[in-house]
Amino acid sequence: MEEIVLVSDNHGKKEPLKFLKETYPITDYFIHCGDSEMHPYELDGFSCVQGNNDYFHAFPTEKIITIGEHTILIVHGHMHMIFGQPQQLARYAKAKKCDIAMYGHSHIPADSTYYGVRCLNPGSIWHNRDGSMPSYMVVRLDGKEIIVEKKIYNF
């Protein structure tokens, strides 16, 4: 089983990322879906993409990685969704032969499936726009199974 700690939109706040590294010292992957507003050296250990507020432009706008039996598209989401709906992102991921799409941008946690693509948004670990507590996700891949647990970050 592979474990991913999935996070997005900390907007320059360093403590939440430090918390994740300390809380999950033996996880397999840390994935950041953009809007870190941090320099790459501050994100050691995180696989990151660029968000619309990432001023350093040091990250790619998207990544595709393979973990076990899954191919994962990682984006921020600001260029792949209309009205915050992930259907367009799912179509894009499917065209890229991905079965999981990880994204941020909306500051609203979401877990949905469209066109056979599991779309995961951890929400913002700084401030969620739906009134919920700041959040992140722990994703476990066990063969073809995708197990997702939304976690609350109490700062």
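Analyst: Five strands make up an open sheet, in the order E4-E5-E6-E8-E7, with mixed pairing. E4 and E7 are the edge strands, each with a single partner strand, so one side of each has no neighbour in the sheet. On average, neighbouring strands of this sheet are turned by 20° against each other, direction ignored. For such angles, axes are lines fitted to C-alpha atoms, for helices over the stretch in contact, and angles run from 0 to 180 degrees between N-to-C directions.

This is a predicted model, in which local features need pLDDT of at least 70 and side-chain atom pairs count only at pLDDT 80 or more, while totals for chains, interfaces and linings use all residues. Residues are numbered from 1 along each chain as its sequence is written, and side-chain values use heavy atoms, with hydrogens and water left out.

Strands (E, at least two residues) and helices (H or I, at least four) are DSSP runs, numbered from the N terminus. Two strands count as paired if DSSP finds at least two bridges between them. In general, strands of a sheet pair through backbone hydrogen bonds, either parallel or antiparallel.

Take the E7 end of the sheet. E7 (residues 110-114) and E8 (residues 117-121) run antiparallel and are joined by five bridges. Asp 111 has Leu 120 in E8 as its bridge partner, and Thr 113 stands opposite Arg 118 in E8. E7 and E8 form a hairpin with two residues between the strands, where Tyr 115 takes a positive phi near 55°.

E8 also contains a cysteine, since Cys 119 falls within residues 117-121. Cys 119 is buried, with a relative accessible area of 0%; buried means under 20%, exposed over 50%, and partly exposed in between (1.4 Å probe, protein chains only). The structure holds zero disulfides, a disulfide being a pair of cysteine sulfur atoms within 2.5 Å. For Cys 119 the closest cysteine sulfur, in Cys 98, is 11 Å away, which is too far for a bond.

Glu 62 forms a salt bridge with Lys 96, with 3.5 Å between the closest N and O atoms; a salt bridge is a side-chain nitrogen of Lys or Arg within 4 Å of a carboxyl oxygen of Asp or Glu. Lys 96 is partly exposed, at 34% relative accessible area.

Lys 144 lies in the loop between E9 and strand E10 (145-152) and Glu 69 in the loop between E4 and strand E5 (70-75), so the pair ties together parts 75 residues apart in sequence. Lys 144 is exposed, at 64%, whereas Glu 69 is partly exposed, at 48%.

E9 and E10 pair in the antiparallel sense over eight bridges, and Val 139 has Val 148 in E10 as its bridge partner. They form a hairpin with two residues between them, and Gly 143 in the turn has a positive phi of about 65°. E9 is also joined to E1 by five bridges, again antiparallel, with Val 5 opposite Val 138 in E9. Six of the eight residues of E9 are buried.

A salt bridge of 3.1 Å (N to O) joins the side chains of Arg 140 and Glu 3. Arg 140 is in strand E9 (residues 135-142) and Glu 3 in strand E1 (residues 2-7), so this pair ties together parts 137 residues apart in sequence. Arg 140 is partly exposed, at 22%, while Glu 3 is buried, at 17%. The structure has seven salt bridges by the rule above.
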